[in-house]
Amino acid sequence: MSYLNIEGLTKIFDGELKALDSLSLSINKAERWSIIGSSGSGKSTLLKLIAGMEVQNEGQVYLEGEKILNPEQKLVAGYDELQLVKQDNGLFPLSTVAENISRPLLQYDKAYAKERLEALLQVFGLVEKRDSYPRQLSGGQQQKVAIARALSLEPQVLLLDEPFSSLDSLQKRGLLDELNLIFKELEITVIMVTHDIQDALLLTENLCVLSEGKLLRQGKVKDIYKNPQTAYVAGFFGPLNRLPGKPNLYLRPSSIKHSTSAGMLKGSILLKRYFPEYDLLTVKVSEEHPAWQLIRYERDLSEGQTIFMNWEEEDVLALEEK
Ligand SMILES: Nc1ncnc2c1ncn2[C@@H]1O[C@H](COP(=O)(O)OP(=O)(O)OP(=O)(O)O)[C@@H](O)[C@H]1O
């Protein structure tokens with residue numbers, strides 16, 4: 001049995017809505033996983049069940065071989081070892097940063113609580129903010145406090161439910177870089193729900209993809225990227241161009257090479273948009289077919305121009321819809 005085992009979890013709401021459908025997943029210690037899937041696919045429900053905060057209909061979660069008891073089986077729901085941080089960070093507005101972080105430590109030995117608080121303030125770069133109130137912090141700093149608080153009890157598993165979705169992309173990038181280093185140092189197991197593949201790539205190496213409560217794929221991010229199997233899974237990594245007349249064959253924008261003289265497919269540039277590292281081209285390939293998205297590193301093409309597209313057979317993805 002691996003470190004965290006999820007076996008056949010099924011959750012039905014209101015007697016009919018199957019939010020999770022016999023989901024099984026095994027996670028090793030110190031691994032970092034992202035859970036991705038469309039809205040309503042069961043991501044948050046899965047995290048709550050792992051944390052012991054929700055009652056399942058079938059199945060069981062085990063941490064190091066021990067059953068995680070649900071709120072019907074346990075007087076106080078949840079576990080110190082499994083900490084869940086949500087988008088709404090749940091900070092106490094009238095408590096300072098230091099008070100917020102040390103709140104879960106109130107029942108512990110004073111010297112230990114102080115030592116733990118100081119260590120977390122240091123690790124999260126919050127020493128200067130210890131006496132600030134949440135409203136005096138940026139969104140990123142607030143999320144850092146929420147995560148530091150979740151780590152105060154030295155949990156073995158940190159569960160993150162889209163805690164970064166309210167941050168702008170620059171703030172998020174910096175925070176995810178910092179957290180990546182912190183989590184590695186602590187050797188903590190992390191499971192993060194996200195809508196954003198960029199967050200998943202920046203913080204975790206493993207991915208599980210949910211659809212309608214079912215686990216579609218699990219594994220290393222790079223293996224799933226190379227072999228996505230379905231258009232649903234491939235779509236999380238970015239846009240796909242469908243080959244005209246070939247419903248199941250797709251190309252990623254990065255796989256297409258262009259030429260202004262000859263190619264396997266001809267198109268005309270509808271839109272050219274500037275991105276810092278490349279131009280993003282939207283190309284009409286035929287009257288009936290959806291436009292393609294292409295990336296051009298040389299900035300030499302203009303709207304209205306004809307281009308020819310080439311690709312390698314090995315880059316063509318044969319994908320089922322679901
Ligand atoms: N307490 C509840 N009562 C009834 N239905 C619920 C409850 N919680 C979740 N659901 C339903 O279960 C399904 C899965 O919900 P869940 O929140 O796990 O999805 P999600 O993948 O996290 O969605 P999102 O990305 O939109 O947050 C949805 O159809 C949702 O409406």
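**Entry 1: the ligand**

I began at K43, where a polar side-chain atom lies 2.7 Å from an oxygen atom of the ligand, a polar contact in the sense of a pair of N or O atoms within 3.5 Å. This is a predicted model, in which local features need pLDDT of at least 70 and side-chain atom pairs count only at pLDDT 80 or more, while totals for chains, interfaces and linings use all residues. I noted too that residues are numbered from 1 along each chain as its sequence is written, and that side-chain values use heavy atoms, with hydrogens and water left out.

I then looked up S39, which has a polar side-chain atom 2.6 Å from an oxygen atom of the ligand, and H195, where an N or O atom in the side chain is 3.3 Å from a ligand oxygen. The protein covers 64% of the 630 Å² of accessible area that the ligand has on its own, with areas taken from the Shrake-Rupley method with a 1.4 Å probe.

**Entry 2: the shell**

I found that 13 residues surround the ligand, the closest being S39, G40, K43, S44 and T45; a residue is counted here if one of its heavy atoms lies within 4 Å. By kind, the shell divides into three nonpolar, eight polar and two charged residues, where Asp, Glu, Lys and Arg count as charged and Gly is among the polar ones.

Which element gives the largest share of the shell? I read that α1 does, with three residues, and that β2 (17-27) and α1 (43-50) each supply at least two. Helices (H or I, at least four residues) and strands (E, at least two) are DSSP runs, numbered from the N terminus.

**Entry 3: two helices**

I next checked α4 (residues 139-151) and α5 (residues 169-186), whose axes come within 10 Å and cross at roughly 20°, the axes being lines fitted to C-alpha atoms over the stretch in contact and the angles running from 0 to 180 degrees between N-to-C directions. The two helices are therefore roughly parallel to each other, a label for angles under 35 degrees.

**Entry 4: E64**

Last, I noted that E64 has a positive phi of about 45° although it is not a glycine.

Note on methods
A polar contact is a pair of N or O atoms within 3.5 Å; within protein, one must be able to donate a hydrogen and the other to accept it, and residues adjacent in sequence count only if both atoms are side-chain atoms. Angles under 35 degrees count as roughly parallel, over 145 as roughly antiparallel, 65 to 115 as roughly perpendicular and the rest as oblique.
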